[in-house]
Amino acid sequence: MFLEVKNLDAGYGFMHVLRNMSFSLERGEYVCLIGPNGAGKSTTLKTVAGLLKPMSGAVTFDGREIGGLPANQVAASGLVYISEEMNLFVNMSVHENLMMGGYLIREKERLQSRQEYVYDLFPRLRERSRQLAGTMSGGERKMLAIGRALMSYPQLLLVDEPSFGLAPKITDKVFEALGTLNREQGITLVVVEQNVTKTLACSQRGYVVEFGAINVAGTCAELASNEHVKKAYLGV
């Protein structure tokens, strides 16, 4: 398995959120986590990414145990997390934010090549390369957050709520870009998303997270036809 999360317990202080969370994915997959607010989806991503220390359990990435490692070491291994808040450097330009994303890349040509790829993927960022990130629209900031994550040549992207606060047309562009990264770059994706219809249409497999654990798993077609998923999340 490329990523394996096994019997993971985690939370915030005395708040126990994840309880025996277990799931896995192969290299190159596009997997989604769906479920109600407060179920533990974002907590799962933060724990895998090293932003939260697990209480117990194991996280294995590309054959290496990373559970409990600090976030900078996890990111250096090729696993990059894009938070819902995006956490951009708002007083820096688009170009400067991208350069911060590629700070681990020492070869100048490789860094420039990656920046050109990001600009080709999101032409608006090329147009706004000198603009301060804090003055951009929500959709532009989302594109910049994804672009900054790509600068380090990640193998696995954990993306938290890519459509949050975005207009439908911008949401489509963001999901189109994620699909391109998966198909053309072979980047493995784990996406947490409240827009269940959209994410099931874009990803390959999914897990339903409820009460801090996996309740239902299957291909997206199987989840879309599951009676519990249809009633609870699709309004059918």
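**First stop: the largest nonpolar core.** Begin by selecting Leu125, Leu144, Ile146, Leu150, Leu157, Leu178 and Leu181, the residues with the most contacts inside the largest nonpolar core, which has 35 residues. The structure shown is a predicted model. Next, colour the elements that give two or more residues to this core: strands S6 (79-82), S7 (156-160) and S8 (188-192), together with helices H3 (94-101), H4 (108-121), H6 (138-150) and H7 (168-185). Which helix supplies the largest share of this core? It is H6, with 6 residues.

Now centre the view on Ile146 and display its surroundings. Leaving aside residues up to four places away in sequence, Ile146 touches Ile82, Phe122, Val174, Leu178 and Leu181.

**Second stop: the six-stranded sheet.** Hide the side chains and follow the strands in the order S6-S7-S8-S3-S9-S10, which together form an open sheet of 6 strands with mixed pairing. At the edges stand S6 and strand S10 (213-219); each has a single partner strand, so one side of each is left without a neighbour in the sheet. From one strand to the next, the twist averages 15°.

Select S9 and S10 to inspect one of the pairings: these strands are joined in the antiparallel sense over 6 bridges. Within this pairing, Glu210 has Ala213 in S10 as its bridge partner.

Zoom in on strand S1 (residues 3-12) and strand S4 (residues 56-61), which are antiparallel and pair over 5 bridges. Leu3 has Phe61 of S4 as its bridge partner. Phe61 also stands opposite Arg64 in S5. Strand S5 (residues 64-65) runs antiparallel to S4 and is joined to it by 2 bridges. What does the hairpin of S4 and S5 hold between its strands? There are 2 residues between them, and Asp62 in this hairpin takes a positive phi near 50°.

The model contains 2 aromatic pairs. For one of them, select Phe23 and Tyr207: the ring centres are 5.5 Å apart and the planes stand at 55°, so this pair is tilted. Phe23 belongs to strand S2 (residues 15-25) and Tyr207 to strand S9 (residues 205-210), so the pair ties together parts that are 184 residues apart in sequence. Are these two residues buried or exposed? Both Phe23 and Tyr207 are buried.

Finally, select Tyr153 with Arg110 and Arg114. Arg110 lies over the face of the Tyr153 ring, at 3.9 Å from the ring centre. Arg114 likewise lies over the face of Tyr153, at 4.3 Å from the ring centre.

Note on methods:
Residues are numbered from 1 along each chain as its sequence is written. This is a predicted model: local features need pLDDT of at least 70, side-chain atom pairs count only at pLDDT 80 or more; totals for chains, interfaces and linings use all residues. Side-chain values use heavy atoms; hydrogens and water are left out. Rings of Phe, Tyr and Trp (its six-membered ring) pair if their centres lie within 6.5 Å; planes under 30 degrees apart count as stacked, over 60 as edge-to-face and the rest as tilted. Helices (H or I, at least four residues) and strands (E, at least two) are DSSP runs, numbered from the N terminus. Buried means under 20% relative accessible area, exposed over 50%, partly exposed in between (1.4 Å probe, protein chains only). A charge sits over a ring if NZ of Lys or CZ of Arg is within 6 Å of the ring centre and within 35 degrees of the ring normal. A nonpolar core is a set of buried Ala, Val, Leu, Ile, Met, Phe, Trp, Tyr and Cys residues joined through side-chain atoms within 4.5 Å. Contact means heavy atoms within 4.5 Å. Two strands pair if DSSP finds at least two bridges between them. Axes are lines fitted to C-alpha atoms, for helices over the stretch in contact, and angles run from 0 to 180 degrees between N-to-C directions.
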